[in-house]
Amino acid sequence: MKREAPHFIEGRKSHFDSAVEELSKILSLIHEKVVSSGFELYDIEIKDAGSRLIIRVFIDKKFGFISIRDCVYVSRILEPFLESMIDRSFTLEVSSPGADRELKKDDDFERFKGMNVEILKKNGQRFVGKLMGKVGDEVFIMIDDKGKKGRVFSFKLAEINKVKLYPKI
């Protein structure tokens, strides 16, 4: 049996549809402006904080590290466009993903091969070791065994909650 849309939705965009469309435009604009400025877009967080929005934009570079100057530069590029698109007050925060960034894309696993990572499994287990790479749906790390040559362990992505860099300080 075919279900029909309720009569109050027919022929009109719902408030939800309009909000999703606006959000999509904002996300696309942020992506376009960050990339055209010579940076990579790592992530975007938008939170409703009551009377204002908090927009967090995390930028990255293929080589090197993000500086405060980079964040200020991107912020100055984004702010006028966001002001013209968003009809309520907002706070824009631009930053790097940090030294303990989460590895999200396949490129991240290649780029940070050889670095120390922390794997947090869905069952609560935690492992720290040297990232050997990612093949298909498995992540490989080498875990040192009390001064002995390390052993390579594999973890299925389906079992992993998060993989992030684990910098030695």
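This is a tutorial dialogue on reading the features of one predicted model.

Student: Where do I start? How many helices and strands are in the chain?

Tutor: Start with the elements and their order. The chain has 3 helices and 8 strands. From the N terminus on, they run α-β-β-α-β-α-β-β-β-β-β.

Student: What share of the chain counts as buried?

Tutor: Of the 169 residues, 30% count as buried.

Student: In what sense do strand 2 and strand 3 pair?

Tutor: They pair in the parallel sense, over 6 bridges.

Student: Is Ser 75 buried or exposed?

Tutor: Check the relative accessible area against the cut-off. Buried means under 20%. Ser 75 has 16%, so Ser 75 is buried.

Student: Which residues touch the most other members of the largest nonpolar core?

Tutor: That core has 20 residues. Ile 30, Val 34, Val 57, Leu 78 and Leu 82 touch the most other members. Next, ask which elements contribute. Helix 1 (15–36), strand 1 (40–48), strand 2 (53–60), helix 2 (68–85) and strand 3 (90–95) each supply at least two residues.

Student: What does Leu 78 touch?

Tutor: Leaving out residues up to four places away in sequence, Leu 78 touches Ile 30, Lys 33, Val 34, Val 57, Leu 92 and Val 94.

Student: How do I read aromatic pairs?

Tutor: A pair of rings is described by the distance of the centres and the angle of the planes. A search of the whole structure finds 2 pairs.

Student: How far apart are the ring centres of Phe 39 and Tyr 73?

Tutor: The centres are 6.4 Å apart. The planes are at 50°, so the pair is tilted. This pair links distant parts of the chain, 34 residues apart. Phe 39 is in the loop between helix 1 and strand 1, and Tyr 73 is in helix 2. Phe 39 counts as buried at 9% relative accessibility, while Tyr 73 counts as partly exposed at 45%.

Student: At what angle are the ring planes of Phe 127 and Phe 155?

Tutor: Their planes are at 50°, so this pair is tilted. The centres are 4.9 Å apart. Phe 127 lies in strand 5 and Phe 155 in strand 7 (residues 148–156), 28 residues apart. Phe 127 is partly exposed, at 23%. Phe 155 counts as buried, at 5%.

Student: Which ring does Lys 33 lie over?

Tutor: Lys 33 lies over the face of Phe 81, at 3.9 Å from the ring centre. In another case, the charged end of Lys 134 sits over the ring of Phe 109, 6.0 Å from its centre.

Student: How many residues stand between strand 5 and strand 6 in their hairpin?

Tutor: There are 2. In the turn, Gly 136 has a positive phi of about 60°. Strand 5 (residues 126–135) and strand 6 (residues 138–145) run antiparallel, joined by 5 bridges. Gly 133 stands opposite Phe 140 in strand 6.

Student: Is Glu 118 buried or exposed?

Tutor: Glu 118 is buried, with a relative accessible area of 7%. This residue is found in strand 4 (residues 116–121). Not counting residues up to four places away in sequence, Glu 118 touches several residues, including Arg 126, Phe 127, Lys 162 and Tyr 166. Glu 118 and Pro 167 are 49 residues apart in sequence and 9.4 Å apart in space, C-alpha to C-alpha.

Technical notes. Residues numbered from 1 in each chain as written. Predicted model: local features only at pLDDT ≥ 70, side-chain atom pairs only at ≥ 80, totals over all residues. Heavy atoms only, no water. Pairing = 2+ DSSP bridges. Helix = DSSP H or I, 4+ residues; strand = E, 2+ residues; numbered from the N terminus. Core = buried A, V, L, I, M, F, W, Y, C linked by side-chain atoms within 4.5 Å. Buried < 20%, exposed > 50% of the residue type's maximum accessible area, 1.4 Å probe, protein only. Contact = heavy atoms within 4.5 Å. Phe/Tyr/Trp six-rings, centres within 6.5 Å; stacked < 30°, edge-to-face > 60°. Lys NZ or Arg CZ within 6 Å of the ring centre and 35° of its normal.
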